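The entries follow in the order in which I checked them.

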Amino acid sequence: MLSPEKLARISELSNKSKQQKLSTAEAKEQTALRKEYLETFRSTMRKTIENVKIVDPNGNDVTPEKVKQAKQNNRLN
């Protein structure tokens with residue numbers, strides 16, 4: 001998870017970019033922070049999905065094989 005300071009900085013740069021043009025350094029910082037945010041988000045989402053078990057109304061496990069394999073691979077690592 002990104003630190004509250006980094007999230008605040010992302011918001012600050014976003015708001016500033018709506019009001020005026022960012023400097024080259026600020027634009028690079030914004031790009032780097034956004035990239036870090038997306039990587040963190042994707043990683044967290046991937047872990048969440050891998051820990052989901054889908055059960056149909058009859059009680060049968062219908063979790064997709066791809067999710068089951070990913071979960072199994074993470075247990076081995």
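I looked up the contacts of V62 (heavy atoms within 4.5 Å) and, leaving aside its neighbours within four places in sequence, I found I54, V55 and D56. The model is predicted, so I noted that local features need pLDDT of at least 70 and side-chain atom pairs pLDDT 80 or more, while totals for chains, interfaces and linings use all residues. Residues are numbered from 1 along each chain as its sequence is written, and side-chain values use heavy atoms, with hydrogens and water left out.

V62 is found in the loop between α2 and α3, where helices are DSSP runs of H or I with at least four residues, numbered from the N terminus. V62 counts as partly exposed because its relative accessibility is 41%, the class between buried (under 20%) and exposed (over 50%), with a 1.4 Å probe and protein chains only. I also checked V62 against K16, 46 residues apart along the chain, and their C-alpha atoms are separated by 47 Å.

I then turned to α2, residues 24–50, whose 27 residues reach 39 Å from first C-alpha to last, close to the 39 Å expected at 1.5 Å a residue; the expected span is 1.5 Å times one less than the number of residues. E26, Q30, L33 and E50 are buried in α2, and the buried residues of this helix pack against α1 (4–19) and α3 (65–76).

Last, I looked up Y37, which has its place in α2 and counts as partly exposed because its relative accessibility is 38%.

Definitions and conventions. Helices (H or I, at least four residues) and strands (E, at least two) are DSSP runs, numbered from the N terminus.
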